[in-house]
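I opened my notebook for this one and wrote things down in the order I looked them up. Here is the model my entries refer to.

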Amino acid sequence: MKSHVWRPLFVVLAVIALVLVARKFLVPSDFGIGARGYMYGWHRAGNEQQWKEVKVKYKTARYCMECHREKYDEIKGSPHANINCENCHGPALNHPDDPRSLTIDRSRELCARCHFRLPYPGSDRGRIRGIDPKTHNPGLDCVACHWPHDPRKEGHKR
Amino acid sequence: MISRRSFCKKTLLIAGGLAIPLSALELFDPKRLLAEKDEKGARWVFLVDTQKCVGCGYCVKGCKVENEVPYDANVTRTWVERYIITKDGKTHIDSPKGARDGFPNKGIDIGHGKLEEIRDEEIDKAFFVPKLCNQCDNPPCVQVCPVGATYQTADGVVLVDREWCIGCGYCIMGCPYGVRFFHPVYRVAEKCNFCYHRIIKGMQTACVDTCAFGARRVGNLRDPDDPVTKVIMTQRVNVLKEEYGTKPQVFYLGLTKEVK
């Protein structure tokens with residue numbers, strides 16, 4: 001058969017070869033079918049490790065307890081026992097090395113997250129003792145009168 | 001010329017051959033058999049108690065910080081919705097800033113900085129519903145990804161490969177729960193992954209650790225002694241948008257028909 005008949009076939013073969021070579025270089029070697037098969041598991045396996053290495057920022061109250069035992073015991077023995085240190089003190093990160101000290105959120109808005117009175121039936125929010133921040137001593141920090149580590153005690157002077 | 005006898009014989013042979021399913025011809029694959037026999041490892045699931053949630057939004061704050069989602073951008077991996085069902089049968093839903101700062105107003109946020117005031121006497125039911133990725137058993141967001149940048153791990157968590165995502169947004173459109181969004185910094189698809197870096201270390205997710213009321217819990221469905229598994233197996237739990245066939249793995253206690 002004449003060569004012009006074969007020519008398109010060679011072109012197609014060359015394109016296929018080019019794609020295969022490019023694929024070899026562009027697709028990471030660990031790309032493949034994971035545990036969930038083609039439909040849900042087609043991925044680059046190394047990415048799982050990347051996600052596992054994300055830094056933990058919230059270290060939980062247990063971490064704080066190692067140095068601040070008396071503070072931990074105080075709040076865990078109070079009606080605020082359910083609140084973790086980092087909710088108000090911010091994430092521990094690598095404290096005490098970095099940051100050296102944590103920024104404490106003493107704002108009224110922080111307390112109002114739970115103690116702004118919303119009388120909702122069907123939600124435990126309705127059972128939390130609450131106030132209206134607009135009328136309850138506006139402008140004053142809550143911690144002036146209420147000690148957050150144990151709300152049964154008087155507030156602290158700063 | 002084909003005889004009647006040989007025609008019948010051949011027809012039966014072909015029909016019989018077609019009836020043998022492909023799977024019957026497949027040789028034993030030891031890896032697959034092992035996988036089907038004993039599914040070792042975890043299957044992470046989530047349990048939300050809508051009665052216990054008070055809408056403080058600490059979970060949203062904790063999640064944003066832990067997972068480096070820009071704090072002031074109006075995107076979040078998890079959020080809390082407020083449902084107020086009034087006596088006239090209307091359902092009012094809002095989630096100001098995803099409840100990052102809780103719910104600082106009694107009025108319902110109807111957008112453009114406006115609030116719709118609802119008097120306490122008008123309320124029939126009112127409650128909060130935390131939302132997060134359902135880590136579906138049939139994740140539609142994974143199916144639609146054209147490049148294999150999003151996938152499900154063996155323990156059921158759906159992850160996004162930030163280096164491989166091309167930002168086409170199919171997954172964001174494909175998720176019926178609206179949990180996916182574009183990360184404003186990385187400019188790729190972003191979603192809740194049950195704090196994968198925490199749960200594989202035996203920790204709780206950031207939202208579970210910041211929740212002061214036990215409204216959120218994460219557990220391993222393959223561990224029959226896991227307290228979360230026990231609740232899911234014995235209590236009246238429900239899931240969101242079951243009709244989509246996605247098999248969501250975030251279970252809710254106290255869900256009502258108004259919750260979408």
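Entry 1, a strand pair in chain B. I started with Val237(B) and looked up its bridge partner in S13(B), which is Leu253(B). A note to myself: this is a predicted model. S12(B) and strand S13 (residues 250-253) of chain B run antiparallel, and I found two bridges joining them.

Entry 2, the sheet around that pair. I then asked in what order the strands of this open sheet come. The four strands of chain B are arranged as S11-S1-S13-S12, with mixed pairing. Strand S11 (216-220) and strand S12 (237-238) of chain B are the edge strands; each has a single partner strand, so one side of each lacks a neighbour in the sheet.

Why do I call strand S6 (residues 123-131) of chain B largely enclosed by the rest of the structure? Seven of its nine residues are buried, with under 20% relative accessible area as my cut-off, so the description holds. Strand S2 (residues 79-86) of chain B runs antiparallel to S6(B), and eight bridges join the two. One pairing I noted is Thr86(B), whose bridge partner in S6(B) is Ile123(B).

Next I turned to the interface and counted 45 residues of chain A in contact with 61 residues of chain B. The buried area between the two chains comes to about 4500 Å², and carbon and sulfur atoms give 55% of that. Which three residues supply more than any other three of the area that chain A buries against chain B? They are Tyr40(A), Trp51(A) and Arg113(A), at 19%.

I looked for salt bridges across the interface of chain A and chain B, and the rule finds four. One of them links Lys57(A) to Glu68(B), with the closest N and O atoms 2.9 Å apart. For polar contacts between the two chains, I have 28 residue pairs, both residues being at pLDDT 80 or more.

The elements of chain A giving two or more residues to the side that touches chain B are helix H2 (37-41), strand S2 (42-44), helix H3 (46-52), helix H6 (85-89) and helix H7 (108-115). H3(A) gives the most, with five residues. Sorted by class, this side of chain A has 23 nonpolar, twelve charged and ten polar residues.

Note on methods. Residues are numbered from 1 along each chain as its sequence is written. Chains are lettered from A and ligands numbered from 1 in the order in which they are written. This is a predicted model: local features need pLDDT of at least 70, side-chain atom pairs count only at pLDDT 80 or more; totals for chains, interfaces and linings use all residues. Side-chain values use heavy atoms; hydrogens and water are left out. Contact means heavy atoms within 4.5 Å. Buried area is the accessible area (1.4 Å probe) that two parts lose on being put together, summed over both. A salt bridge is a side-chain nitrogen of Lys or Arg within 4 Å of a carboxyl oxygen of Asp or Glu. A polar contact is a pair of N or O atoms within 3.5 Å; within protein, one must be able to donate a hydrogen and the other to accept it, and residues adjacent in sequence count only if both atoms are side-chain atoms. Ala, Val, Leu, Ile, Met, Phe, Trp, Tyr, Cys and Pro count as nonpolar, Asp, Glu, Lys and Arg as charged, and the others, Gly among them, as polar. Buried means under 20% relative accessible area, exposed over 50%, partly exposed in between (1.4 Å probe, protein chains only). Two strands pair if DSSP finds at least two bridges between them.
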